[in-house]
Amino acid sequence: MDTTLLALLLLFAVQSVVSLTRPNFITLKDNGYTGITVAIHNQVMEDEQLIKRLKDMFTEGSKYLYEATRNRAYFKEVTILVPKTWSSKPEYELPGGITFDNADVIVAPPNPRWAPLQYTKQYEGCGKQGVHIHFMDAFLTDPNTELYYGPLGRTFVHEWGHFRWGLFDEYADPVGDPDNYQEFYFSPSTQSFEGVRCSYGHTGQPLIFLPESLAYRHCAGNSYIGYEDGCVFYVSREQKDVTASIMYSTYPLQEITKFCDVDGQDESSYHNREAPNKHNRLCSRRSNWEILKEHEDFKNGNNPATEIGDQGLVPSFTIVQHGEARVVLLLDTSGSMKNDQKFLKMISSSANFLSSIVIDGSSVGIVEFNFQAFKLKELTAITSDSDRDELLQALPDKADGWTAIGDGLLKAIEVLSTGSQDPKGGIIMLISDGEEKHGADSNPNPHDLPYVADVMDDVINSGVIVDTLAFSQGASTLLPSISKATGGKTFFYSNEPGSNTLYDAFAATMERGDVIDADKRVQLTGTSWSLASSEERDGSFFMDTTLGRRTEFSFSWTKKNVRGIDVTITTPSGRFIDSSYEGYGVDTSFRILTVKIRDIAEAGSWKYTVVNWYNEIQEIAISISSHPASDDVDPIVVTSELSGSVTDFANGEPLTAFAEIRQGFSPMIYANVWATIERPAGYDPVRLRLLDNGAGADITKNDGVYSRTFTEFSGVGYYGIRIDVDNNDGDAIIIDSTTAFSKARPIVDPDQAFNLPAIGGVKIPFPGAQPEEPTGRPAPSFSRGTSGGSSYVKELPAGFTPGGDYFPPDDVLDLRVKQTVFSQSTVVLTWTAPGDDLDNGAASLYEIIRAESVLAWQNDSSPGSHRILNSTDILNGSISTPLDFGNLEEYTILVPIPKGANVVSYAFVLRAFDDAGNPSGFSNAVQAVLRETIPQPPSQLGLAAWEIALIVIGAVVAALLIVLGVAYLIKTHKRKEVNVEDTVYEVNKEEGAGGTSLTKA
């Protein structure tokens, strides 16, 4: 077998099923999950109780998961990463490839969008693994958590459903699904209005919260005509006839032990396909178990049910802690690096890394590989400028020979093991421009050196992290897999003007350890220019108020070991900085010009001017960075992911870019975010605007995660991504709400819902209180530019030609009913327009289908079995002229209303076609309900006060006569909901008691 192919097969075998480029070490083998990582943020205070609660959560959750998965899975091994700010202990081990940024579970300051509750960050859709589960420390340690939200183990298994298997919430969610939030729906099956729930057997009451009097009352209306606006389905604390679903109500309800299923033999866990919740919307109304059975954990009979005793379900725990960063530069000095100034650029960026980027206290070693690997410098602790100078002098000075990558990896591990050190957690920065080759074709391995395939077991077992940089399109196709297998990241440098990934890749190594926020380097901008002789060019960027310390400008050139450029800088106040400035330095041996700003850099717009002093064209690389303005100011940061380090374009897989913008853990919404994608085969880069609109590739609206798919492939090779962000002309907002949203509600009786405490300084909201819009503050003027990583396309579709139509329009997953008008027989539908190719361009045609019900569509999804709408059905909107992707479509539909009906419902679904006739998948199915009368709250009925009083008195008398009959009807009625009553739960202040009691009025 070909060596390269063997290596790829080996590497992919050790990779997780997760598709994102972020590393993941979770595996499920013999029913036990191993490789689960928990990381505690360095702003969390040291607390042994927190460690105990984490262990308790996993131990309890393991047994619950085992029961919920029908004896198929449990938590076996968990690693907890504590920050360097905590005391070190002899029992703490080194973390290997684990970092805070790639952990599966994080304990960190809260995201105000969700606080005080836990949440799972999900970039991708149904069935896809999430990014991480986020807990605030107070949620784990405060005893009120379990009192109001149930056992932590159960809570964690609910989040594991999101994180591992790509499930979504089955309750009405005003936070995670605000545009589609509704508490009730009309069920054609029961011909009545039902509360959103799963399974169907959950009992509850239609209540409305009265904030002005801190009271609840039953909603106006009933199950036959529906309820007034603002009514919520208030789940009862006692449940008898349900065992599911964990994705609906996990918390204090002991009866809930299952994920919902479509197995009709167990009605207590039967999936409610009618309910309009986020899971049904994004998962085509499939049950939790239908998704689980398609996941690699359980697909094709993987991990069948096994009997394991309680003791066997208890996880083992390892606690780890980072030491100071240890980095080995593994540099390709093969003969091909002499071409196109690649060697010079590599050495110049290495020198910039050693002189400016490496944090004091870190250790760095240097290894080169060509014919074989050579150690150029042992690990050297950086404590002074003289240490940096020693490393600079050890950089290689020439390039020649072959490309012995495997031998280089072993030599780098040897350097990390100097003095009997454990290499675990060490970082290898591997830069290479070619495929692995040890000799001429006539004598392919004259020195009998190991190939990558031969050493990968040793590399993985050593616990090192390997970041790789593919230097031009000729770089080895193994690089993405090496990084993925070790917890590293792959970068791509095209060696073309405009690209500056070299600096980004080096800087990323210093973010792999446990660096406190105040010490984190923030890339403001990075690019490269090709300047003719004597050409002068200006650039600019915006320095925001969150940054300013240790600001540095770095410029490098490519011709001769003489000064080849001149740089002047203009501050926001108009002051000029030139070669006379104290922080201005030139190193001709490495062709670097740096300007280090003393004190705090001025906020505002900065300008820099570069002049090429050389008599030929030369390339100028530019990198500008800064650090947080103070220890107590969180910087605005940009992180990015791609859908995969390898993209399977041959089988119809696109490349999706994700960028998250936040200050601390507060998401930034309405920012201006662009991705620039460099392409192989000489094609120009493509710019895409990433969106946080909850449509296309974006799963959740306004969560600070911006997404978009890329479809304009040009051939086999590396696709490098660059992310640029600004404040969108002042429109960007940083969410800073201090009041919690009504997400997962604490399940308490309504007469006990008023003394809810705070958790972590955030008060638990009243169950059923109407959700508040997120509040925030305007983001300062800022700019950021950073590498988004890279992805490799190894194979093309048959007959591929660049620019061909290889993707249909994207599935519409945000179809919703905006309005219904009974008197006019109209339904207004709205959705985000898809593109011609997924979420790019504009589709050519819509097909809108009306069905009698959601279940009718689910049972027969053939358009011909239902009504395909035509121009006579559509009062507003044109199916032949779809808008460009991202625009909001709004169509007014005429529907029939049977004579004598006072409630009518229909289901709608649609799909889009592109100009080649390729159809998208069907959209989410929505239900439109037209009501002749919408109940109004008592205060809006137009009655005088004395009339209301008489009605109340009469109602009390009447209640005495009918109470037994009402009770009988409730017990025997097929449905589980309670019809409208006049009960009001209110707050009474007891004089002298110093407290509050609750009574029914």
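Strand 7 (119–121) and strand 8 pair in the antiparallel sense over three bridges, where pairing requires that DSSP finds at least two bridges between two strands. Strands (E, at least two residues) and helices (H or I, at least four) are DSSP runs numbered from the N terminus. The model is predicted: local features need pLDDT of at least 70, side-chain atom pairs count only at pLDDT 80 or more, and totals for chains, interfaces and linings use all residues. Residues are numbered from 1 along each chain as its sequence is written, and side-chain values use heavy atoms, with hydrogens and water left out.

**Strand 8 and its partners**
- Tyr 119 has His 134 of strand 8 as its bridge partner.
- Strand 6 (residues 105–107) runs parallel to strand 8 and is joined to it by three bridges; here Val 107 has Phe 135 as its bridge partner.
- Strand 8 is covered on both faces, with His 132 and His 134 buried on one side and Ile 133 and Phe 135 buried on the other. Buried means under 20% relative accessible area, exposed over 50%, and partly exposed in between (1.4 Å probe, protein chains only).

**The largest cavity**
- The whole structure holds 11 cavities of 30 Å³ or more, and the largest has a volume of about 1,100 Å³. A cavity is a set of points, on a 1 Å grid over the protein atoms alone, where a 1.4 Å probe fits but cannot get out; lining residues have an atom within 4 Å of a point. A volume is the space filled by probe spheres set on the points, which are joined across faces, edges and corners.
- The largest cavity is lined by 47 residues, and Asp 101, Glu 511, Val 638, Thr 639 and Ser 640 lie nearest its centre.
- Among the elements that give two or more residues to this lining are strand 7, strand 8 and helix 13, while strand 32 gives the most, with six residues.

**Thr 501 in helix 13**
- Thr 501 belongs to helix 13 (residues 501–509) and counts as buried, at 9% relative accessibility.
- Neighbours within four places in sequence aside, Thr 501 is in contact (heavy atoms within 4.5 Å) with Leu 469, Phe 491, Phe 492, Tyr 493 and Ser 787.

**Other elements**
- Four strands form an open sheet in the order 48-47-51-52, with antiparallel pairing. Strand 48 (867–868) and strand 52 (926–931) stand at the edges with a single partner strand each, so one side of each is left without a neighbour in the sheet.

How values were computed: On a 1 Å grid over the protein atoms alone, a cavity is a set of points where a 1.4 Å probe fits but cannot get out, and a pocket is an open set with protein on both sides within 12 Å along at least five of seven lines; lining residues have an atom within 4 Å of a point.
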